[in-house]
Amino acid sequence: LTLACRQALASAYATAGRYEDAVSLLNEVVTIRAKQNKPDEPSVLLAREELANTHFIASDYESAAPIYESVLEARRANPDHRNQGIPEVLSNLADTYQQLGREEEAEALVQEALDLSVATFGDDHQMTYRTRTRFAMILSENGENERAVMHLEESVAGLKNSLGLSHHSTL
């Protein structure tokens, strides 16, 4: 419970823009969780992912990238959690690479995330639409506007159909 509270406090720090405090606290949480569990346990990976996310929102992409890379490697290596969280980590790493100017790698990663989302969840799933939207945003940033528009139109139409017009995500 104490670790969960620390992690929640770190999240609150990040929300308040206190990134140094958040990173410091999350480093403690990751260290403690890693000592208590196997390095590839979901609680450890989630804490490491949150640390990477905090670096990302603090615009510290150089620190975020290796953390995302190691989380992705751990998730891929664990056959017990097949595909669990991998599309999200791929997308986050793609966003990070995009910010670092590694556009081709970013596009390849988010394409992989989209392919995996379709294979895991199907074409008509919120996670797939979310990943498709992220893919489209990277395409747009890379100047591939027509492809981006096609994917965004598909996401908007699909979300309207699957969630309905009165859902808060489609309003």
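## The nonpolar core

A nonpolar core is a set of buried Ala, Val, Leu, Ile, Met, Phe, Trp, Tyr and Cys residues joined through side-chain atoms within 4.5 Å. Buried means under 20% relative accessible area, exposed over 50%, and partly exposed in between (1.4 Å probe, protein chains only). This is a predicted model, in which local features need pLDDT of at least 70 and side-chain atom pairs count only at pLDDT 80 or more, while totals for chains, interfaces and linings use all residues. Residues are numbered from 1 along each chain as its sequence is written, and side-chain values use heavy atoms, with hydrogens and water left out.

Here the largest nonpolar core has 38 residues, and Leu51, Leu72, Leu90, Leu93, Ala94, Tyr97 and Leu109 have the most contacts inside it. At least two of its residues come from each of H1 (2–15), H2 (19–36), H3 (42–57), H4 (61–77), H5 (86–99), H6 (103–121) and H7 (126–141). H4 gives the largest share, seven residues. Helices are DSSP runs (H or I, at least four residues), numbered from the N terminus.

## Around Tyr97

Contact means heavy atoms within 4.5 Å. Beyond its neighbours within four places in sequence, Tyr97 is in contact with Ala65, Glu69, Arg102, Glu105, Ala106 and Leu109.

## A look at helix H1

Leu3, Gln7, Ala10, Tyr13 and Ala14 of H1 are buried. They lie on the same side of H1, because they cover an arc of only 115° around the axis, taken from the directions from the helix axis to the C-beta atoms. Thr2 and Thr15, on the other side of H1, are exposed. H2 and H3 are among what covers the buried residues of H1.

After H1 comes Gly17, with a positive phi near 85°.
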